[in-house]
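Subject: Structure handover

Hello,

Here is the structure I said I would pass on. My notes on it follow below.

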Amino acid sequence: MSQKPFILIADDDQEDRYLLHTAFEEIGRSNDIYLVENGLQVFKYLETSIEQSGMPSLIVLDLNMPILNGMETLSRLKAHTVYKTIPVIIFTTSVHEVEKERCLEIGAADFIKKPARFQQTISTARYLHESACTRQETLKGC
């Protein structure tokens with residue numbers, strides 16, 4: 001794979017989406033992300049944009065979203081023959097150990113708590129970008 005890493009992020013909170021986008025701008029990677037508001041939009045994006053943009057290197061899901069929440073979206077992704085190989089990271093304010101364990105059982109690659117400070121959000125953006133890079137066979141462009 002020679003395409004650059006690409007991250008699909010689903011979060012219903014407008015402020016959280018703004019902070020993530022700004023953090024990715026800070027690390028010079030805002031063109032490597034696409035933001036949607038819920039799990040249903042994840043599938044709509046995958047179904048309509050995969051031919052143009054290719055498969056995301058990583059999907060990041062908020063756990064608590066309307067319409068199709070993070071755990072339901074994760075379950076459907078991991079049950080899908082085409083999408084099941086895409087790494088998924090749960091990114092949430094939830095700190096419930098049971099939810100974390102369940103998401104990891106379903107197939108989440110990681111479960112991380114949303115940071116309280118913007119500087120931590122920048123660090124999280126770097127971590128997410130690095131995680132997407134590891135999906136690529138080469139780190140060129142990372």
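Is Asp12 buried, partly exposed or exposed? Asp12 has a relative accessible area of 33%, so this residue counts as partly exposed. Please keep in mind throughout that this is a predicted model.

Overall picture

The chain holds five helices and five strands. Along the sequence they follow the pattern β-α-β-α-β-α-β-α-β-α. The C-alpha trace spans about 40 × 40 × 25 Å along its principal axes. A compact globule of 142 residues would have a radius of gyration near 14 Å, and the chain agrees with that, because its own value is 14 Å. Of the 142 residues, 45% are buried. Among contacts between residues at least 6 apart in sequence, 69% join residues at least 24 apart.

An unreviewed UniProt entry annotates residues 6-129 as "domain: Response regulatory". That span is 48% helix and 17% strand, and its end C-alpha atoms lie 8 Å apart.

The annotated aspartate

The unreviewed UniProt entry also lists Asp62, under "modified residue: 4-aspartylphosphate". Asp62 sits in the loop between β3 and α3. Its relative accessibility is 5%, and therefore Asp62 counts as buried. Leaving out residues up to four places away in sequence, Asp62 touches Ala10, Asp11, Asp12, Gly70, Phe91, Thr92 and Lys114.

Apart from residues up to four places away in sequence, Asp12 touches Arg17, Glu37, Asp62, Asn64, Met65 and Pro66.

Asp12 and Asn38 are 26 residues apart in sequence, yet their C-alpha atoms are 5.8 Å apart in space. Asn38 is in the loop between β2 (33-36) and α2. Asn38 has a relative accessible area of 5% and is buried. The side chain of Asn38 reaches the backbone nitrogen of Gln41 at 2.9 Å. With its neighbours within four places in sequence set aside, Asn38 is in contact with Ala10, Met65, Pro66, Ile67 and Leu68.

Helix α1

How does the span of α1 agree with what its 13 residues should give, and what is that span? Helix α1 covers residues 14-26, and at 1.5 Å a residue it should span 18 Å; the end C-alpha atoms are 18 Å apart, so the two agree. The buried residues of the helix are Arg17, Leu20, Thr22, Ala23 and Phe24. Just after α1 comes Gly28, which takes a positive phi of about 75 degrees.

In soluble globular proteins, nonpolar side chains tend to be buried together. In this model the largest nonpolar core has 24 residues, and those with the most contacts inside it are Val42, Leu46, Ile59, Leu61, Leu74, Leu77 and Ile90. At least two residues of this core come from each of β1 (7-10), α2 (39-53), β3 (58-61), α3 (70-79), β4 (88-92) and α4 (97-106). Which element supplies the largest share of this core? Helix α2 does, with five residues.

Ile90 shows how far such contacts reach along the sequence: its neighbours within four places aside, Ile90 is in contact with Leu61, Leu63, Gly70, Leu74, Cys103, Ala108, Asp110, Phe111 and Ile112. There is also a second, separate core of 16 residues, which includes Ile33, Val60, Ile112 and Ala125.

Regards

Key: Residues are numbered from 1 along each chain as its sequence is written. This is a predicted model: local features need pLDDT of at least 70, side-chain atom pairs count only at pLDDT 80 or more; totals for chains, interfaces and linings use all residues. Side-chain values use heavy atoms; hydrogens and water are left out. UniProt positions are given in the numbering used here, feature names are shortened, and annotations may be inferred rather than shown by experiment. Helices (H or I, at least four residues) and strands (E, at least two) are DSSP runs, numbered from the N terminus. A nonpolar core is a set of buried Ala, Val, Leu, Ile, Met, Phe, Trp, Tyr and Cys residues joined through side-chain atoms within 4.5 Å. Buried means under 20% relative accessible area, exposed over 50%, partly exposed in between (1.4 Å probe, protein chains only). Contact means heavy atoms within 4.5 Å. The expected span of a helix is 1.5 Å times one less than its number of residues. The radius of gyration is taken over C-alpha atoms; the globule rule is 2.2 Å times the number of residues to the power 0.38. A polar contact is a pair of N or O atoms within 3.5 Å; within protein, one must be able to donate a hydrogen and the other to accept it, and residues adjacent in sequence count only if both atoms are side-chain atoms.
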